Amino acid sequence: MSSPEEQAFRLLTEYSNGFMVSQVLFAACELGVFDLLAEAPEPLGAAAVAARLGTSSHGTELLLDTCVSLKLLQVETKTGKALYQNTELSSTYLVRASPKCQGNMLRYLARTTYLCWGHLTQAVRDGRNQYLEAFGVPSDQLFSAIYRSEDERLQFMRGLQDVWSVSGRPVLGAFDLSPFPLICDVGGDFFKDPLPEADLYILARVLHDWTDERCSRLLARIHGACKPGGGVLVIESLLAADGRGPLTAQLYSLNMLVQTEGRERTPAQYRALLAAAGFRHVQCRRTGGLYDAILATR
Ligand SMILES: C[S@@+](CC[C@H](N)C(=O)[O-])C[C@H]1O[C@@H](n2cnc3c(N)ncnc32)[C@H](O)[C@@H]1O
């Protein structure tokens with residue numbers, strides 16, 4: 001049994017090494033470790049993996065064995081030789097051919113989000129995103145919105161799709177949407193473009209990008225387009241009533257700080273925004289998954 005002090009130190013070490021774990025995952029994906037092992041007819045040794053990926057034998061062996069400790073790979077030893085193969089987790093979420101592959105989101109996190117998080121201290125000091133500090137480009141001179149290039153924008157959109165392929169269904173099942181035959185998933189330049197006619201407008205992973213003032217403007221536009229009985233379905237990660245959890249939503253909120261002008265919000269904060277825009281009935285449902293749902297009707 002370890003003492004409380006030792007346990008605290010273990011926890012601290014886990015936190016401080018957390019970025020190394022992310023980088024092992026990002027590197028193994030970027031090098032194509034999981035795809036190679038999925039396509040190989042049998043488990044492979046480290047030398048074979050290194051030869052096929054064109055990587056160093058020392059680095060590859062370290063990476064593969066660390067992936068085993070992280071349950072991203074499994075290893076068996078046959079006649080003294082270690083042979084690696086994918087685990088259930090990597091076969092489902094890290095192999096390109098899997099319908100639930102998260103590879104695009106992981107690439108975006110590795111190449112963009114991670115770099116912004118390197119400036120979290122400054123973001124907390126300034127209370128604003130760190131695009132200038134992370135990439136040397138002022139926000140208003142980026143290719144578009146928060147993207148440095150069209151490639152980066154597409155990478156992010158594919159990443160969102162990856163996450164949706166796993167987390168979308170529970171959210172869409174949170175409410176009975178059958179009273180809304182015509183549904184519009186709001187995207188594009190929704191601050192300017194006319195909104196198409198619909199019974200229900202979906203705002204998925206949109207409001208968390210924006211300040212309260214911009215959210216109010218967008219919700220007022222949607223309320224204006226809504227027929228009586230029509231509504232809006234907001235899909236976001238809800239914070240607890242006091243804002244102090246769940247951890248994933250808190251981390252996403254900090255992510256909004258380093259990358260956007262928005263934040264994650266509590267049910268009461270969404271209720272206030274929706275009520276101010278004129279919506280009357282507001283219901284919040286937690287799904288237990290990454291995203292929650294808020295349905296408001298006019
Ligand atoms: C985070 S994406 C969410 C997309 C989609 N609803 C989903 O859940 O996958 C944000 C959406 O806001 C739209 N948008 C409009 N103006 C934007 C801006 N200035 N910056 C970023 N996104 C903007 C984008 O076109 C995109 O559809």
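Lys71 sits in the loop that joins helix 5 (57-69) to strand 1 (73-78). The model is predicted. Lys71 is not a glycine, yet its phi is positive, about 65 degrees. Its relative accessible area is 60%, so Lys71 counts as exposed.

Thr79 has a positive phi of about 40 degrees and is not a glycine. Thr79 is exposed because its relative accessibility is 86%.

The protein divides into domain 1 (4-93) and domain 2 (103-297). Domain 1 gives 7 residues to the contact, and domain 2 gives 7 residues. The C-alpha centres of the two domains are 33 Å apart.

How much area do domain 1 and domain 2 bury between them? The figure is about 630 Å². Carbon and sulfur atoms carry 67% of that area. On the side of domain 1, Phe26, Glu30 and Tyr93 lose the most area to domain 2. Together these three account for 62% of what that side buries.

Polar links cross the interface too. There are 2 residue pairs in polar contact between domain 1 and domain 2. Helix 2 (residues 18-31) supplies the largest share of the domain 1 side, 6 residues. By type, the residues of that side are 5 nonpolar, 1 polar and 1 charged. The interface of domain 1 and domain 2 also holds 1 salt bridge. Glu30 and Arg111 meet through their side chains in a salt bridge, 3.0 Å from N to O.

**Salt bridges elsewhere**

The structure holds 13 salt bridges.

| Pair | N to O distance |
|---|---|
| Arg128 and Glu133 | 3.0 Å |
| Arg148 and Glu152 | 2.8 Å |
| Glu150 and Arg153 | 3.0 Å |

How exposed are the partners? Arg128 is partly exposed, with a relative accessible area of 39%. Glu133 is partly exposed as well, at 28%. In the next pair, Arg148 is partly exposed at 32%, whereas Glu152 has 8% relative accessibility and therefore counts as buried.

Glu150 and Arg153 share helix 10 (residues 150-172). They are 3 residues apart, about one turn of the helix. Glu150 is partly exposed, with 32% relative accessibility. Arg153 is partly exposed too, with a relative accessible area of 24%.

Salt bridges can also join into a network. One such network links Asp35, Glu39 and Arg96.

**A buried cysteine**

Cys184 belongs to strand 3 (residues 183-185). Is Cys184 buried or exposed? Its relative accessibility is 13%, under the 20% cut-off, so Cys184 counts as buried. Which residues does Cys184 contact, leaving aside neighbours within four places in sequence? They are Pro196, Ala198, Leu200, Tyr201 and Ile202. Leu207 is 23 residues from Cys184 along the chain, and their C-alpha atoms are separated by 16 Å.

**A cis peptide bond**

One more backbone feature involves a proline. The peptide bond from Gly245 to Pro246 is cis. Its omega is near -15 degrees. Where is Pro246 found? Pro246 is in the loop between strand 5 (231-236) and helix 12 (247-259).

Conventions:
Residues numbered from 1 in each chain as written. Predicted model: local features only at pLDDT ≥ 70, side-chain atom pairs only at ≥ 80, totals over all residues. Heavy atoms only, no water. Domains from an automatic or database assignment. Contact = heavy atoms within 4.5 Å. Buried area = accessible area lost by both parts, 1.4 Å probe. Salt bridge = Lys/Arg side-chain N within 4 Å of Asp/Glu carboxyl O. Polar contact = N/O pair within 3.5 Å; in protein donor to acceptor, adjacent residues only side chain to side chain. Helix = DSSP H or I, 4+ residues; strand = E, 2+ residues; numbered from the N terminus. Nonpolar A, V, L, I, M, F, W, Y, C, P; charged D, E, K, R; others polar. Buried < 20%, exposed > 50% of the residue type's maximum accessible area, 1.4 Å probe, protein only.
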